[in-house]
Amino acid sequence: MKQWYMLTLVGEDRAGIVAAVTRELFNCGSNLGEAAMVRLGGNFSVMLMVEYGGDPELLQQALSGVIERFSLNLHLMQISGELHHHLEPNLQLTVYGADRTGIVAEVTAALAENGFHILDMRTDVAGSSSEPIYVMQIEGFCSLGVAELLPRLKAAAAQQVEIALREIDLMIG
Amino acid sequence: MAVLEILRYPDARLKREAVAVEHFDSALQAFIADLEETMRAGPGGIGIAAPQVDCLQRIVLIDLRGLRKPVPNHGRVVLINPEITTWEGMAVGREGCMSVPDYTGNVIRAERITLTACDAEGVTQQYDFSGYEARAVQHELDHLDGLLFLDRLVSRHRDLFRRKVYQEPPPAK
């Protein structure tokens, strides 16, 4: 019986990793679902939903060559998730400021307290190494509107950060 | 009146170019009534284009009056053989489509457009659309040229902050 797995791969970023990995996955008869690849601090990282009907040990073996070639760290786990379970975000949050510890913890604690379900999050350290800035973009769903939620988020940030909260006005045509 | 079947991608019929309406007869009026009923039965319910119901004619219907969050709009508008004459401004918005279930994405659209189109009686009218209504009109007009919002996707993550990689200056000697 076919089963969905979450395949996570992390390693030093090099061109050609995605092509090599997905070729092996295709060759061993697996099917890909949703996936997200991101380069974090020069590291390659990808999470792939992989559907496979055989022994997961065989899947790992099929990938062993490419894992070795690119010095990747592999994690494979069986998941209960399925396709076509997208949740639609209604709010988009941007937070930025001089980089310091605690920005994410403070802001996301306030989000959680207010029932905000984070569906997508990307954070980055930009600026220069002497004056780094932290940039966080979050999308999610919350039943509270901007007028209600934004002051609570601003109050939660212990030190000055810029916080913008916008509604995502989805248009289904 | 009848609710017509909405074609869903990957149905290749959605990728064809529609032809201009020539006869403003009772058959056209009956089709517009069916198209409107189909639009109102859909998940978006704010716009529909004839090619979405396998009618290869340049007909679009828009009606934003039923939106949960009211926006300025022209009410129910039938646009036949529409031609955009002016574009102004650009904005990123989140779109979905009745012909592409379970997916939404960011699309850049003009913020204000002027267009001429025939009404259901064949009389040429001119319209100024802006904001959400302008987005809806452009989304529906694309269907007349075999285009889906998938053809215009831009990054979900790069619309607010664009990062350039600058070469670090060489250390002073």
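Predicted model: local features only at pLDDT ≥ 70, side-chain atom pairs only at ≥ 80, totals over all residues.

Author: The following account treats the contact between the chains and then turns to some backbone features.

The size of an interface is often given as the accessible area lost when the parts come together. Between chain A and chain B, about 2,100 Å² is buried, and carbon and sulfur atoms give 49% of this area. On the side of chain A, the residues that lose the most area to chain B are A:Met171, A:Ile172 and A:Gly173, which together account for 33% of what that side buries. As for the residues that take part, 22 come from chain A and 24 from chain B.

Polar and charged groups also meet across this contact. Eleven residue pairs, both members at pLDDT 80 or more, are in polar contact between chain A and chain B. The side of chain A that touches chain B consists of seven nonpolar, seven polar and eight charged residues. Four salt bridges are counted between the two chains. One of them links A:Glu139 to B:Arg94, with the closest N and O atoms 2.5 Å apart. In chain A, the elements giving two or more residues to the side that touches chain B are β5 (91-98), β6 (117-127), β7 (132-141), β8 (162-167) and β9 (171-172).

Within β3(B), B:Glu95 is the bridge partner of A:Met171.

The backbone features may now be considered. Most residues other than glycine have a negative phi, and most peptide bonds are trans. In chain A, A:Ser71 has a phi near 50°, a positive value in a residue other than glycine. A:Ser71 is placed in the loop between α2 (56-69) and β4 (73-78) of chain A. Because its relative accessibility is 57%, A:Ser71 counts as exposed. A:His84 likewise has a positive phi, near 60°, and is a residue other than glycine. The loop between β4 and β5 of chain A holds A:His84, and this residue is exposed, with a relative accessible area of 61%.

In chain B, the peptide bond that joins B:Tyr9 and B:Pro10 is cis, with omega about 20°. B:Pro10 belongs to the segment before α1 (26-41) of chain B.

Note on methods:
Residues numbered from 1 in each chain as written. Chains lettered and ligands numbered in written order. Heavy atoms only, no water. Contact = heavy atoms within 4.5 Å. Buried area = accessible area lost by both parts, 1.4 Å probe. Salt bridge = Lys/Arg side-chain N within 4 Å of Asp/Glu carboxyl O. Polar contact = N/O pair within 3.5 Å; in protein donor to acceptor, adjacent residues only side chain to side chain. Helix = DSSP H or I, 4+ residues; strand = E, 2+ residues; numbered from the N terminus. Nonpolar A, V, L, I, M, F, W, Y, C, P; charged D, E, K, R; others polar. Pairing = 2+ DSSP bridges. Buried < 20%, exposed > 50% of the residue type's maximum accessible area, 1.4 Å probe, protein only.
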